[in-house]
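Visitor: Could you walk me through this model? I would like to ask about single residues before we turn to the whole chain.

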Amino acid sequence: MIIVVNFGGQFAHLIARRIRNLGVKSELVPPDISPKNLIKLSPQAVIFSGSPSSVYENNAPKISPQIYNLNLPILGICYGQQLIAHQLGGKVSSHDAKQFGKEILKIKKSSLFSGLSSPQTVWFSHGDQVDKLSPGFETIASTTNAKIAAMQNSAKNIYGIQFHAEVVHTPNGQKILENFLFKIAKAKKDWKLDFVKENLIKNLKKEISNQKVLMAISGGVDSLVAASILTEAIGKNLLLVFIDTGLLRKYDIPDLKATVKTQKFNNLKIVDAQERFLSALKGITDPEKKRQVIARIYFEVLTEEAKKLGNLNFLAQGTIYPDRIESGKPSKHADKIKSHHNVTLPQGLKLKIIEPLAEFYKDEVRKIGKLLNIPSGFLDRHPFPGPGLAIRILGEVTEERLKILREADEIFISELKRYEQGAYNKEVSLRSTSLRSSRVGLGAGLKVGQAFAALFPVKSVGVMGDSRTYSYIISLRAVDTVDFMTADWSKLPNELLEKVSTRIVNEVRGVNRVVYDITQKPPATIEYE
Ligand code: XMP
């Protein structure tokens, strides 16, 4: 196990994912972890992540200096290197010649650079640098502007690099991480997903034994994978409920039914609560009120279903690692997911919580899903928010508006999937933008991460045939994103947009105008409400 101390840098999660991809278990911890609690995790090494802070600022996140005396190999990345220098008697300062982006790095002989020749291309993203080494350290790499671009104290197994080895823009970054893991920390490759999956099933069997588990599936990837793994572990003792809120897309229920067949779920009840949600939403236009009403009704229905079933012991949830991890700066995405999926129990139910996927990242969840034979078409689905179409119909949600939006959305998504063998989950953008180049290095490649239609409840004038029309506006939103915290609008080809617009106006009654949303996040969010 390798511990990554998360100082709030944008790549902290990426470091942990890279390590896991190299076959070694890795977890994130906050900087204020005590040395005692760190040792409890039995780490083989510790990596310090980057941070937007400067070590010499008052409120900069720090780690207990005792960590340096635990005899654990340490690798500091960017801010991590600066922190090591700062805490062990070196000096860090801000420089006028800032380094952002690609740099040429001259390297010296070091276990960290084993197998690499000099020079190397690496990726920098920080204005500060180490000016003076701490006692016992030596410089092992430099660039024109950064004399101490990497450092080591090989006797104590403490290393620092000013650049980001974890991003794809450091071509041999993976080799550097491998050297640290396997040559310096002597880690073993024992994090393999099929092995992890088998272990998980074994542990769930043991923990649950013959007791009954209730789980509400949302139609999304996480809850479906969690339900599939529980089915393998406990079969008939898993009782699944799917609440049809009436706020779903045209293809959600048919897709769910098809997947249920492939996954051989024994007990799935689809609860039709459409009318209940719609009447509760009547007259409500405030986005936050809509969300609250939907969450309230959802848990009411779930509680009723649980009571009908009786004799339950556990409530299973599809929570994944980024949803629950405490970081210096929790993402808005995680916040929202928490408020919807509501990690607390529905009131009145005394059930133990079970979260089979709480250890995994999204890409790992997808891989586990693949191992469980979930069709890839389902695993690659874009995220769909809990409140569903209610937050894509601006203003009041009505049956008429839902019907219009469902049809328009289906046209958009099916055309995306059809375009040049599928633009739904692929990079289709024709040009790069300045925003994109400032976000390089996230590693997973940018692609249409989410696409949908939204309905504006205002009417505009149009002409169809010889008649005047006065109908709603549909807005198409498609974003390139990897983390959903920042997003760029997808530069979809004009011919695709034109086809979608023509089809919507021709085929969907009640719409006479289609617009394409060209706002980035920030400042706009991905969803409209
Ligand atoms: P925003 O709109 O904040 O959305 O840019 C970021 C991502 O989160 C999804 N989202 C939600 N997911 N429950 C969810 O499960 C919610 O209440 C919720 N609100 C937003 C959104 O679809 C996007 O992927």
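Visitor: Where does Asn179 sit?

Guide: Asn179 belongs to helix α4, residues 173–184, where helices (H or I, at least four residues) and strands (E, at least two) are DSSP runs numbered from the N terminus. This is a predicted model, in which local features need pLDDT of at least 70 and side-chain atom pairs count only at pLDDT 80 or more, while totals for chains, interfaces and linings use all residues. Residues are numbered from 1 along each chain as its sequence is written, and side-chain values use heavy atoms, with hydrogens and water left out.

Visitor: Is Asn179 buried or exposed?

Guide: Asn179 counts as buried because its relative accessibility is 1%; buried means under 20% relative accessible area, exposed over 50%, and partly exposed in between, with a 1.4 Å probe and protein chains only.

Visitor: And what does its side chain reach?

Guide: The side chain of Asn179 reaches the backbone oxygen of Ser114 at 3.0 Å. Leaving out residues up to four places away in sequence, Asn179 touches Ser111, Leu112, Phe113, Ser114 and Ile184, a contact being heavy atoms within 4.5 Å.

Visitor: Switching to α3, how many of its residues are buried?

Guide: Seven of the nine residues in helix α3 (residues 79–87) are buried, which leaves the helix mostly covered. The buried ones are Tyr79, Gly80, Gln81, Gln82, Leu83, Ile84 and Ala85, and just after α3, Gly89 takes a positive phi of about 100°.

Visitor: Which residues other than glycine have a positive phi?

Guide: Among them is Asn71, with phi of about 65°, in the loop between β3 (45–48) and β4 (74–77); Asn71 is exposed, with a relative accessible area of 75%. Lys264 also has a positive phi, near 55°, and is found in the loop between α7 (252–263) and β12 (267–272), where Lys264 is exposed at a relative accessible area of 63%.

Visitor: What about the segment after β18?

Guide: Ile518 lies in that segment, after β18 (511–516), and is exposed, with a relative accessible area of 54%.

Visitor: Which domains are assigned?

Guide: The assignment gives domain 1 (2–184), domain 2 (193–379) and domain 3 (399–516), with bounds that come from an automatic or database domain assignment. The C-alpha centres of domain 1 and domain 3 lie 42 Å apart.

Visitor: Which residues touch the most other members of the largest nonpolar core?

Guide: Of the 57 residues in that core, they are Leu416, Ile474, Leu476, Leu492 and Ile504. The core draws at least three residues from each of domain 2 and domain 3; a nonpolar core is a set of buried Ala, Val, Leu, Ile, Met, Phe, Trp, Tyr and Cys residues joined through side-chain atoms within 4.5 Å.

Visitor: And the whole protein, how many helices and strands?

Guide: The protein has 16 helices and 18 strands. Its radius of gyration is 26 Å, close to the 24 Å that the globule rule gives for 529 residues, so the protein is as compact as a globular protein of that length; the radius is taken over C-alpha atoms, and the rule is 2.2 Å times the number of residues to the power 0.38.

Note on methods. A polar contact is a pair of N or O atoms within 3.5 Å; within protein, one must be able to donate a hydrogen and the other to accept it, and residues adjacent in sequence count only if both atoms are side-chain atoms.
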